[in-house]
Amino acid sequence: MTPAAPKPRTRSRWTLLLRLLALAMLVAAFLAIDGEPLVGPPVPPDARSIALARGIAKQVAGQNAVAGARETIVLRQSELDGFSAMASQVIAPSRAEARLIAPRGRAAAPPELVLRLSRSLPLGAWLNLEARAHSTGAGRGLPTVRASIGHLPVPAWLMRWLIGQAWSIAQPDMPDPPTLEETLLQVQIAPKAARVVLINPGRNAALAGLAQLGGTASDPRWVARAYCALSRHADPDLAVIVRRAWQLERPAELGPAEQNRGLLLAVAMRTVPEYRDRLAGASLPLVSTCSPPDDPVALAGRGDLAKHWALSAALGASLGGQAAQSLGVFKELSDSLKGGSGFSFVDLAADRSGERFARAATNPQLARFLQTRLAAVTDDQLLPGEALDRPEGLDAGLFERTYSSIDSPEYAAAVAAIDQLLDNIGVPKP
């Protein structure tokens, strides 16, 4: 029996409802989009801004960081400027800014920490996001956060729920991860500084959490199996380790891109043992009984280049190519400060090679081809010998006199020359 057709009045109500919904979405889109960016053109990070940000990062994820320890972090505007410059570099072409806003007048609002993000859209439009946080009471517990997308306010309850969800997703796999309220004990926002008291999540939590949040975490059992297999052999050269990794029997339940992602992490854990626990993430309990040989691993005869290639490849596989490239540059800028080894374009060449291989290996369209290639790769196919002639050992002063900044045409030309060398030996192009 054929069902009766809907009555015309019912149909017209649904049509009206859909039109109203479409109109509401159009109005929301109009309110969310601006004609100008909320964040001005970012200042490129330099060695000094990276040093300020690194000082804060070391408190939470440095060599002496202890999971569960109570930490007090003070963020002044100078540190926030450093983080803003670094964040803008990582998420380019988007722009980020963090500001401490002091109250004005007797009846003014409390001091606020303001976070802004601007993203360019077609036809000269901009998507602007702003979040304003101020302390509640004596600063105990989470701050009150008000947010907006363009001219469209985000309800406080929704903002709190979104922050909680992001925190939950970013937690490494564990039986009972701490809540955000249990981690952030106190947030005091003052005109000249924000003071945060927290329970340290541990030096290994940052990378694993970012990978979880970005949806690029690797299968822990596959990472552990590959790492333990590589640790049984005292291979002195990175190319030998890479070949051995891609000659392992791979799990059929994972796609080629996921297989490669796990192998890149396992290679980095084997090549840079001091970073093993940070990279392992959820596979850490599974690899605790597997110890690599004590002999260092080399690329082009140098141990530091093997570490640069492997770490950049692992970061590229976990966090994406843009983040991996930016972190490599930040490391070199940091090295240019007093007591460091100096800015090295040789190290940068190894970074860019590892990141480019990782980008191709985790691309579903190229992943299977890269498996064949990496299973037979040689030392000079990972890094060209000519790259060893690039400038290195530059202190901050010499770097700035020669290249001005990492946004200058001179610096871009130096990086382009490295990329050409990598192109010449067939390193996959971005």
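Colleague: In which helix is Pro256 found?

Modeller: Pro256 belongs to helix α9, residues 256-271; a helix is a DSSP run of H or I with at least four residues, numbered from the N terminus. The model is predicted, so local features need pLDDT of at least 70 and side-chain atom pairs count only at pLDDT 80 or more, while totals for chains, interfaces and linings use all residues. Residues are numbered from 1 along each chain as its sequence is written, and side-chain values use heavy atoms, without hydrogens and water.

Colleague: Why is Pro256 called partly exposed?

Modeller: Buried means under 20% relative accessible area and exposed over 50%, with partly exposed in between (1.4 Å probe, protein chains only). The relative accessible area of Pro256 is 21%, therefore Pro256 is partly exposed.

Colleague: What makes Phe345 and Tyr411 count as buried?

Modeller: Phe345 has 1% relative accessibility, so the residue counts as buried. Tyr411 has a relative accessible area of 6% and is therefore buried.

Colleague: How many aromatic pairs does a search of the whole structure find?

Modeller: The search finds eight. Rings of Phe, Tyr and Trp (its six-membered ring) pair if their centres lie within 6.5 Å; planes under 30 degrees apart are stacked, over 60 edge-to-face, and the rest tilted.

Colleague: Why is the pair of Phe345 and Tyr411 called tilted?

Modeller: Their ring centres are 5.9 Å apart and their planes stand at 45 degrees, so the pair is tilted. This pair links distant parts of the chain, Phe345 in helix α14 and Tyr411 in helix α18, 66 residues apart.

Conventions
Helices (H or I, at least four residues) and strands (E, at least two) are DSSP runs, numbered from the N terminus.
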